[in-house]
Amino acid sequence: MLVHVPALLTAEDVMHCRNVLAASQWVDGKVTAGAQSAEAKRNLQIPETAKEARELGEMILQRLGRNERFTSAALPLRVFPPLFNRYDTGMKFDTHIDNAIRFVPHAPIRVRTDLSATLFLTAPEDYDGGELAIEDTYGEQQVKFPAGDMVLYPATSRHHVKPITRGSRWASFFWIQSMVRDDGQRALLFDLDNAIQSLRGKGGETPEAVQLTGVYHNLLRRWAEA
Ligand code: NI
């Protein structure tokens, strides 16, 4: 399941991120890549432990915490501290799969990467190429969203970033360990939650809405590790 989360960040948030990142030191993106993906990866990143990354990461975590669409789609248990990358003209990231387990630097915390997230920090009209291409059960999906928007996709999927042919593409990226590990179960819960919200919006608190809410929570109880 691919989920578009529009306007996770406001225009001011995006501007703030870009200003802080512009003044930060970028390093070769191979630092967070596994052995296979290091070969495939040509980009720049802010070091994981950089003060700027932590500060902006905190802001993103706060925005995620109050975003209903993100919460409903990801059912988050743990979120890896957001990282930041940049693809200048000629840079790309060939087909790879993200590591299954991530270790939070300087903390005894592991995150199983159930979902991958890319939060766009550059307007699509400011660069050419740079689409995030995700191999889904229905074929390849290409994603290029407005600055401030985020895409969530199963971390189990192969994906790549197409070469940039003009401009520079900045983004934040991170992973989520979900309370519900299985993507199919998570997709079902997301669908059900959306249907219940819509039903309640139209008819208010009907007995059917209450019953379906019960079904939702009882499925979640059955499937969630909390
Ligand atoms: Ni990746």
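Reader: Which residues of α5 are buried?

Author: Helices here are DSSP runs of H or I with at least four residues, strands are runs of E with at least two, and both are numbered from the N terminus. Buried means under 20% relative accessible area, exposed means over 50%, and partly exposed is in between, using a 1.4 Å probe and protein chains only. By that test, the buried residues of α5 are R186, L189, F190, L192, D193 and I196.

Reader: Before we go on, what sort of model is this?

Author: Residues are numbered from 1 along each chain as its sequence is written, and side-chain values use heavy atoms, with hydrogens and water left out. Local features need pLDDT of at least 70, side-chain atom pairs count only at pLDDT 80 or more, and totals for chains, interfaces and linings use all residues, since this is a predicted model.

Reader: Where do the buried residues sit around the axis of α5?

Author: The arc is taken from the directions that run from the helix axis to the C-beta atoms. Looking down the axis of α5, the buried residues fall within an arc of 170 degrees. On the other side, D191 and K202 are exposed.

Reader: What do the buried residues of α5 pack against?

Author: Contact means heavy atoms within 4.5 Å. The packing partners are β1 (3-5), α4 (68-74), β10 (115-120), β17 (169-178) and α6 (207-223).

Reader: How many Å apart are the end C-alpha atoms of α5?

Author: The expected span of a helix is 1.5 Å times one less than its number of residues. Helix α5 covers residues 183-203, which is 21 residues, so it should span 30 Å. The model agrees, with its end C-alpha atoms at 30 Å.

Reader: Which residue has a side-chain oxygen reaching to a backbone nitrogen at the start of α5?

Author: The backbone nitrogen belongs to G184. The oxygen comes to within 3.1 Å of that nitrogen, and it is on the side chain of D182.

Reader: Which residues of α1 are buried, and where do they sit?

Author: On one side A11, E12, N19 and A22 are exposed. What covers the buried residues includes α3 (51-65), β6 and β17. The buried residues cover an arc of only 130 degrees, which puts them on the same side of α1, and they are D13, V14, C17, V20 and L21.

Reader: What is the volume of the largest cavity?

Author: On a 1 Å grid over the protein atoms alone, a cavity is a set of points where a 1.4 Å probe fits but cannot get out, while a pocket is an open set with protein on both sides within 12 Å along at least five of seven lines; lining residues have an atom within 4 Å of a point. Grid points are joined across faces, edges and corners, and a volume is the space filled by probe spheres set on the points. The count comes to 1 cavity of 30 Å³ or more. The largest cavity has a volume of about 290 Å³.

Reader: Which of its lining residues are closest to the centre of the largest cavity?

Author: Among the elements giving two or more residues to that lining are β6 (83-87), β7 (92-96) and β15 (159-161), and β17 gives the most, with 6 residues. Of the 28 lining residues, the closest to the centre are F93, H96, D98, H159 and F173.

Reader: Which residues line the largest pocket?

Author: About 200 Å³ of space lies in the largest pocket. The elements giving two or more residues to its lining are α4 and α5. The lining residues are E68, R69, T71, S72, L75, F190, D193, N194, Q197 and Y216.

Reader: Is L75 buried or exposed?

Author: L75 sits in the loop between α4 and β5 (76-79), and its phi is positive, about 45 degrees, although L75 is not a glycine. Most residues other than glycine have a negative phi. At 6% relative accessibility, L75 counts as buried.

Reader: Which residue's side chain does D88 join in a polar contact?

Author: A polar contact is a pair of N or O atoms within 3.5 Å; within protein, one must be able to donate a hydrogen and the other to accept it, and residues adjacent in sequence count only if both atoms are side-chain atoms. D88 lies in the loop between β6 and β7 and counts as buried at 19% relative accessibility. At 2.7 Å, the partner is S168.
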